[in-house]
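I opened a new structure today and kept notes as I went. Here is what I looked up, entry by entry.

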Amino acid sequence: MKKFCAIIAAGALLSLSATSFAAEKAGSKMDGKTLFETNCASCHKDGGNTINPQKTLKKSDMKKNGVKKPEDIVKLMRNPGPGMTAFDAHAIPDKEAKAIAEYVMKSFK
């Protein structure tokens with residue numbers, strides 16, 4: 001009986017380890033769209049801006065506002081202007097912020 005319990009416990013542990021590894025591996029590629037929808041879409045629905053309509057996520061508006069690459073978006077996320085909540089690295093880790101920025105750059109024409 002002890003052997004049987006030990007085998008079951010070892011199998012469960014191995015299964016949990018494999019699941020954790022798979023989740024970690026799957027999570028290595030950030031989903032910018034999902035992260036955007038979770039963190040940004042409430043104010044930037046469809047690339048708009050509910051607080052300041054002149055500062056949308058459309059390429060032409062971003063260009064007018066000096067936003068030309070993903071790093072510029074991350075910089076604004078970290079230290080935005082009036083009306084926007086700041087998202088520090090604790091709120092949105094750097095990898096996730098970069099994934100959001102890349103999604104924004106390719107999504108809103």
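**Entry 1: the whole chain.** I began with burial: buried residues make up 26% of the 109 residues in the protein chain. I call a residue buried under 20% relative accessible area, exposed over 50%, and partly exposed in between, with a 1.4 Å probe and protein chains only. This is a predicted model, so I noted the limits: local features need pLDDT of at least 70, side-chain atom pairs count only at pLDDT 80 or more, and totals for chains, interfaces and linings use all residues. Residues are numbered from 1 along each chain as its sequence is written, and side-chain values use heavy atoms, with hydrogens and water left out.

The protein chain exposes about 7900 Å². Carbon and sulfur atoms supply 61% of that area. The accessible areas come from the Shrake-Rupley method with a 1.4 Å probe; for residues, only the protein chains shown count as cover.

**Entry 2: the elements.** I counted 5 helices and 0 strands in the protein chain. From the N terminus on, the order reads α-α-α-α-α. Helices (H or I, at least four residues) and strands (E, at least two) are DSSP runs, numbered from the N terminus.

I checked contacts along the chain too. A contact means heavy atoms within 4.5 Å. Among contacts between residues at least 6 apart in sequence, 48% join residues at least 24 apart.

**Entry 3: helix H4.** Which residues of H4 are buried? I found Asp72, Ile73, Val74 and Met77. Their cover includes H3 and helix H5 (94-107).

**Entry 4: salt bridges.** How many salt bridges does a search of the whole structure find? The search gives 3. A salt bridge here is a side-chain nitrogen of Lys or Arg within 4 Å of a carboxyl oxygen of Asp or Glu.

I took Asp94 and Arg78 to start. Their closest N and O atoms are 2.7 Å apart. Asp94 lies in helix H5 and Arg78 in helix H4, so the pair ties together parts that are 16 residues apart in sequence. Asp94 is exposed at 52% relative accessible area. Arg78 is partly exposed at 22%.

Next came Asp61 and Lys64, with the closest N and O atoms 3.3 Å apart. They sit 3 residues apart in helix H3, which means about one helical turn between them. Is Asp61 buried or exposed? Asp61 is buried, at 13% relative accessible area. Lys64 is exposed, at 66%.

Then I turned to Glu102 and Lys98, with the closest N and O atoms 3.7 Å apart. This pair is 4 residues apart in helix H5, again about one helical turn. Glu102 is partly exposed at 35%. Lys98 is partly exposed at 45%. I jotted down the background: an α-helix has 3.6 residues a turn, so residues three or four places apart point the same way.

**Entry 5: a positive patch.** Which residues form the positive surface patch? I listed Lys63, Lys68, Lys69 and Lys75. Patches are made of residues with over 30% relative accessible area and no salt bridge: like charges are joined within 9 Å, nonpolar side chains (Val, Leu, Ile, Met, Phe, Trp, Tyr) within 5 Å. Lys and Arg count as positive and Asp and Glu as negative; His and the chain ends are not counted. The charge is placed at NZ of Lys, CZ of Arg, CG of Asp or CD of Glu.

Lys69 lies in the loop between helix H3 (59-64) and helix H4 (70-78). Lys69 is partly exposed, at 43% relative accessibility.

**Entry 6: Gly32.** Gly32 lies in helix H2 (residues 32-39). Gly32 is buried, at 8% relative accessible area. Leaving out residues up to four places away in sequence, Gly32 touches Ala99, Ile100 and Tyr103. From Gly32 to Ile100 I noted 68 residues in sequence and 4.3 Å in space, C-alpha to C-alpha.

**Entry 7: the loop between H2 and H3.** I looked up two residues here. Cys43 is in this loop and is partly exposed at 31%. Cys43 touches Gly48, Asn49 and Thr50, not counting residues up to four places away in sequence.

Asp46 has a positive phi of about 55 degrees, although it is not a glycine. Asp46 is exposed, at 56% relative accessibility.
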